[in-house]
Amino acid sequence: QVRLVESGGGYAQHGGSLRLSCEASGFLIDNYNIGWYRQAPGKEREGVSSISSSDGSTYYEDSVQGRFTISRDNYKNTAYLQMTNLKPEDTAVYSCAADRVPARTLLKITTPPYDYWGQGTQVTVSS
């Protein structure tokens, strides 16, 4: 079965950390750029971060720059989003996508369809 599955969400306190995983099955992420997105209740979906498959270049939305780190492990067929210094405004459903669109552009494509995308994992940050 071809799919992307996110995990690692949950509850964190203000200033805490979480690491999200985006595991692919049924295809290899080697040739795909990966994007992370989030949608908070009552707000539009936004791009959080993306990483290139070719050179590992990374891109971040301004509000998470310096706090979140995107990475990928092609051997594990998994991408990650390390989130530190979490704030209540980071509360959202986080989801990942894989696509051949350049990573810088992928960050700006905030809605499906992508080549592959997951259903999301909830992150809740308490104040």
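Is Tyr-32 buried or exposed? Tyr-32 is buried, with a relative accessible area of 9%; here buried means under 20% relative accessible area, exposed means over 50%, and partly exposed lies in between (1.4 Å probe, protein chains only). The model is predicted: local features need pLDDT of at least 70 and side-chain atom pairs count only at pLDDT 80 or more, while totals for chains, interfaces and linings use all residues. Residues are numbered from 1 along each chain as its sequence is written, and side-chain values use heavy atoms, with hydrogens and water left out. Helices (H or I, at least four residues) and strands (E, at least two) are DSSP runs, numbered from the N terminus.

**Aromatic pairs around Tyr-32**

- The whole structure contains five aromatic pairs; rings of Phe, Tyr and Trp (its six-membered ring) pair if their centres lie within 6.5 Å, and planes under 30 degrees apart count as stacked, over 60 as edge-to-face and the rest as tilted.
- One of these pairs is Tyr-32 with Tyr-116, which is edge-to-face at 5.5 Å centre to centre, with 70° between the planes.
- Tyr-32 lies in the loop between strand S3 (18-25) and strand S4 (33-39) and Tyr-116 in strand S10 (residues 116-117), so this pair ties together parts that are 84 residues apart in sequence.
- Tyr-116 is partly exposed, at 22% relative accessible area.
- Phe-27, Tyr-32 and Tyr-116 are linked by ring pairs into a cluster.
- Arg-100 places its charged end over the ring of Tyr-32, 4.4 Å from the ring centre; a charge sits over a ring if NZ of Lys or CZ of Arg is within 6 Å of the ring centre and within 35 degrees of the ring normal.

**Nonpolar core and disulfide**

- In soluble globular proteins, nonpolar side chains tend to be buried together.
- The largest nonpolar core has 28 residues, and Trp-36, Phe-68, Leu-81, Met-83 and Tyr-94 have the most contacts inside it; such a core is a set of buried Ala, Val, Leu, Ile, Met, Phe, Trp, Tyr and Cys residues joined through side-chain atoms within 4.5 Å.
- At least two residues of this core come from each of S3, S4, S5, strand S7 (68-73), strand S8 (78-83), strand S9 (92-99) and strand S11 (121-126).
- The structure holds one disulfide, a term that denotes a pair of cysteine sulfur atoms within 2.5 Å.
- Cys-22 and Cys-96 form the disulfide, with an S to S distance of 2.1 Å, and their link is right-handed, with 80° about the S-S bond.
- Because Cys-22 lies in strand S3 and Cys-96 in strand S9, the pair ties together parts that are 74 residues apart in sequence.
- Cys-22 is buried at 1% relative accessible area, and Cys-96 is buried at 0%.

**Asp-90 and its polar contacts**

- Asp-90 is found in the loop between S8 and S9 and counts as buried at 1% relative accessibility.
- The side chains of Asp-90 and Arg-38 make a polar contact of 2.9 Å; a polar contact is a pair of N or O atoms within 3.5 Å, where within protein one must be able to donate a hydrogen and the other to accept it, and residues adjacent in sequence count only if both atoms are side-chain atoms.
- A polar atom of the Asp-90 side chain also lies 2.8 Å from the backbone nitrogen of Lys-87.
- Apart from neighbours within four places in sequence, Asp-90 is in contact (heavy atoms within 4.5 Å) with Arg-38, Arg-67, Phe-68, Asn-85, Val-123 and Val-125.

**Loop between S5 and S6**

- Ser-52 lies in the loop between S5 and S6 and counts as buried at 8% relative accessibility.
- The side chains of Ser-52 and Asp-55 are joined by a polar contact of 3.2 Å.
- Gly-56 is placed in the loop between strand S5 (46-51) and strand S6 (58-60) and is partly exposed, at 36% relative accessible area.

**Backbone geometry**

- Most residues other than glycine have a negative phi, and most peptide bonds are trans.
- Asn-77, in the loop between S7 and S8, has a positive phi of about 55° although it is not a glycine.
- Asn-85, in the loop between S8 and S9, has a positive phi near 45° and counts as partly exposed at 40% relative accessibility.
- The peptide bond from Pro-112 to Pro-113 is cis, with omega near 15°, and Pro-113 is in the loop between helix H1 (103-106) and S10.
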